[in-house]
Amino acid sequence: MTSHTASLYSIATGSSEPIYRQLIEQTRRLLAARVLAPGDVLPSVREVALALAVNPMTVSKAYNMMETEGLLSRSRGIGMLVAERRAHSAREREALLRPTLERAAEEARQLELDPDAVLALFNKILKEEP
């Protein structure tokens, strides 16, 4: 795995979301953000497992599920490639963001913050330069 690819994934071990799901969701986000493009070669199962200190079967499960979903394709002698796909629609990109916003909304409710103040803060953050 290249160091660039190693930095693309991060695993939250304390998360209630299974590791294989984290890998799938992160790959979806990388595709939507065009960090990964059709034809890009993904690191081997072993490389990902070593870099993230996870069971290779977990990475294999994620790769297999993404292949079944059509996100990845297997190329003999090369490995897993990002499949040729159409561009993500705005609705698909919004669907990728929704879980993050749901978690933020839950936290805002737990902190008993005013919804208008939360929206104003989000709008401010959204307009800030990265």
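The expected span of a helix is 1.5 Å times one less than its number of residues. The exercises below apply this and related ideas to a predicted model.

**Exercise 1.** Describe how the elements of the protein chain follow one another, and what box its C-alpha atoms fill.

*Solution.* Begin with the count, which gives six helices and two strands in the protein chain. Next, reading along the sequence, the order of these elements is α-α-α-α-β-β-α-α. Finally, the C-alpha atoms, taken along the principal axes, fill a box of roughly 55 × 35 × 25 Å.

**Exercise 2.** Compare the reach of helix α5 with its expected span, and find where α5 has a kink.

*Solution.* Helix α5 covers residues 90-110, which makes 21 residues, and from its first C-alpha to its last it reaches 30 Å, close to the 30 Å expected at 1.5 Å a residue. Looking along α5, one then finds a kink of about 35 degrees at Leu97, shortly before the proline Pro99. After α5 comes Glu112, whose phi is positive, near 55 degrees.

**Exercise 3.** Work out how helices α3 and α4 are arranged and which residues make their contact.

*Solution.* Two packed helices are described by the angle between their axes and the distance between the axes. The axes of α3 (residues 45-52) and α4 (residues 56-69) come within 8 Å and cross at roughly 125 degrees. The two helices, α3 and α4, are therefore oblique to each other. In this crossing, α3 passes α4 in a right-handed sense. The contact involves Val45, Val48 and Ala49 of α3, together with Pro56, Val59, Ser60 and Tyr63 of α4. Sorted by class, the contact of α3 with α4 has six nonpolar residues, one polar residue and no charged residues.

Conventions:
Residues are numbered from 1 along each chain as its sequence is written. This is a predicted model: local features need pLDDT of at least 70, side-chain atom pairs count only at pLDDT 80 or more; totals for chains, interfaces and linings use all residues. Side-chain values use heavy atoms; hydrogens and water are left out. Axes are lines fitted to C-alpha atoms, for helices over the stretch in contact, and angles run from 0 to 180 degrees between N-to-C directions. Helices (H or I, at least four residues) and strands (E, at least two) are DSSP runs, numbered from the N terminus. Angles under 35 degrees count as roughly parallel, over 145 as roughly antiparallel, 65 to 115 as roughly perpendicular and the rest as oblique. A crossing is left-handed if the near helix is turned anticlockwise from the far one by less than a right angle, and right-handed if clockwise. Contact means heavy atoms within 4.5 Å. Ala, Val, Leu, Ile, Met, Phe, Trp, Tyr, Cys and Pro count as nonpolar, Asp, Glu, Lys and Arg as charged, and the others, Gly among them, as polar. The bend at a residue is the angle between axes fitted to the seven residues ending there and the seven starting there.
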